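Hello,

Here is the structure I promised to pass on to you. Have a look at it first, and then read my notes below.

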2 protein chains.
Amino acid sequence: MKKRDHKECVSALLPVKDTLDLIGGKWKLLIIISIWEGNKHFREIERSIPKLSTKVLAKELKELEMNKLLHRNVIDDFPVRIEYTLTEHAKSLKTVIGTLHSWGLTHRKAIFEK
Amino acid sequence: MKKRDHKECVSALLPVKDTLDLIGGKWKLLIIISIWEGNKHFREIERSIPKLSTKVLAKELKELEMNKLLHRNVIDDFPVRIEYTLTEHAKSLKTVIGTLHSWGLTHRKAIFEK
DNA sequence: GTAACTGGTTACTTTTGGTAAGCAAAGATA
DNA sequence: TATCTTTGCTTACCAAAAGTAACCAGTTAC
């Protein structure tokens with residue numbers, strides 16, 4: 001039951017790298033959090049994340065969709081609206097987001113203000 | 001006791017962003033893990049992380065040092081050797097790495113092979 | 001003596017990212 | 001009725017980052 005070409009390597013490196021391939025980068029986790037907190041529409045998400053540009057948001061949403069972390073729902077009333085929602089995979093990131101959140105609260109101050 | 005200009009925002013976004021500013025990006029966490037697992041020297045770290053180039057490693061190590069996540073120790077015997085070691089801040093990332101690790105083990109398969 | 005290792009730097013190319021504008025369809029404002 | 005705004009994006013352009021590869025001086029093993 002091979003997962004991958006791990007050879008003799010039994011470190012945390014590859015599983016962490018797998019995770020980073022999906023949610024690494026500057027914006028993906030922030031986008032997931034934003035949708036989590038109630039933003040469903042493109043412009044809502046864009047406005048909720050400072051410095052995130054339309055172009056990059058469009059690209060990141062596509063990648064997140066490809067990786068099954070969110071759905072793009074076309075709501076067919078008039079006019080058509082688009083709604084982004086999280087998948088169960090994305091929701092399972094809750095503990096990941098939780099630890100990053102509390103690490104940020106605890107350590108940012110210490111590192112920047114010492 | 002203001003932390004930052006949060007205005008009305010009380011979401012997880014900014015603390016997570018703070019964390020990502022320090023350990024986000026493709027390589028930083030992997031480098032921390034590599035050192036954690038016993039690699040102390042430049043070439044050791046480089047070889048332990050597939051696809052990581054010397055140039056990028058040099059840059060990332062500088063940034064990690066600046067952000068007090070590791071120390072660059074010059075060992076003054078002959079010849080001079082350089083040793084990279086983690087700070088306590090980096091060690092406090094243990095739970096972060098742990099959650100990313102187990103998320104990777106659980107979800108990578110589901111997302112890529114479905 | 002020459003090949004390989006150390007911890008990197010430098011020059012060059014390619015890829016990614018940011019800025020700003022634009023677009024079609026619809027709604028609100030004047 | 002005109003025009004201004006909002007929606008969900010795309011496109012063109014330029015700057016910044018990242019990848020590739022060669023190179024360097026000092027050391028050590030063959």
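**The surface near DNA strand C**

Four elements each supply at least two residues of the surface near DNA strand C: helix H4 (54–66) of chain A, and helix H3 (42–48), helix H4 (54–66) and strand S2 (81–86) of chain B. Helices here are DSSP runs of H or I with at least four residues, strands are DSSP runs of E with at least two, and both are numbered from the N terminus. H4(B) provides the largest share of this surface, four residues.

Before going further, two notes on how to read all this. This is a predicted model, so local features need pLDDT of at least 70 and side-chain atom pairs count only at pLDDT 80 or more, while totals for chains, interfaces and linings use all residues. Residues are numbered from 1 along each chain as its sequence is written, chains are lettered from A and ligands numbered from 1 in the order in which they are written, and side-chain values use heavy atoms, with hydrogens and water left out.

Back to DNA strand C, which is surrounded by 19 residues, the closest being Lys55(A), Lys59(A), Arg43(B), Arg72(B) and Tyr84(B). A residue is near a strand if one of its heavy atoms lies within 4 Å of it. By class, eight residues of the surface near DNA strand C are nonpolar, three are polar and eight are charged. In this scheme Ala, Val, Leu, Ile, Met, Phe, Trp, Tyr, Cys and Pro are nonpolar, Asp, Glu, Lys and Arg are charged, and the others, Gly among them, are polar.

What part of DNA strand C lies within 4 Å of the protein? Sugar or phosphate accounts for 58% of those atoms, and bases for the rest.

**The surface near DNA strand D**

DNA strand D has 19 residues around it, and Arg43(A), Arg72(A), Tyr84(A), Lys55(B) and Lys59(B) come nearest. Helix H3 (42–48), H4 and strand S2 (81–86) of chain A, along with H4 of chain B, each supply at least two residues of this surface. H4(A) gives the most, with four residues. Phosphate oxygens of DNA strand D lie 2.5 Å from a side-chain N or O atom of Tyr84(A), 3.2 Å from one of Lys62(A) and 3.5 Å from a polar side-chain atom of His41(A).

**How the two chains meet**

Contact here means heavy atoms within 4.5 Å, and 42 residues of chain A are in contact with 42 residues of chain B. Together the chains bury about 4400 Å², 72% of it on carbon and sulfur atoms. Buried area is the accessible area (1.4 Å probe) that two parts lose on being put together, summed over both. Leu13(A), Trp103(A) and Ile111(A) supply 15% of the area that chain A buries against chain B, more than any other three residues.

Between chain A and chain B there are 15 residue pairs in polar contact, both residues at pLDDT 80 or more. On the side of chain A that touches chain B, helix H1 (13–23), helix H2 (28–36) and helix H6 (94–113) each supply at least two residues. H6(A) has the largest share, 14 residues. That side divides into 22 nonpolar, eleven polar and nine charged residues.

**Two backbone details**

The peptide bond from Phe78(B) to Pro79(B) is cis, with omega near 0°. Pro79(B) sits in the loop between strand S1 (70–75) and S2 of chain B. Lys51(A), in the loop between H3 and H4 of chain A, has a phi near 75°, a positive value in a residue other than glycine.

Best wishes

Conventions:
Polar contact = N/O pair within 3.5 Å; in protein donor to acceptor, adjacent residues only side chain to side chain.
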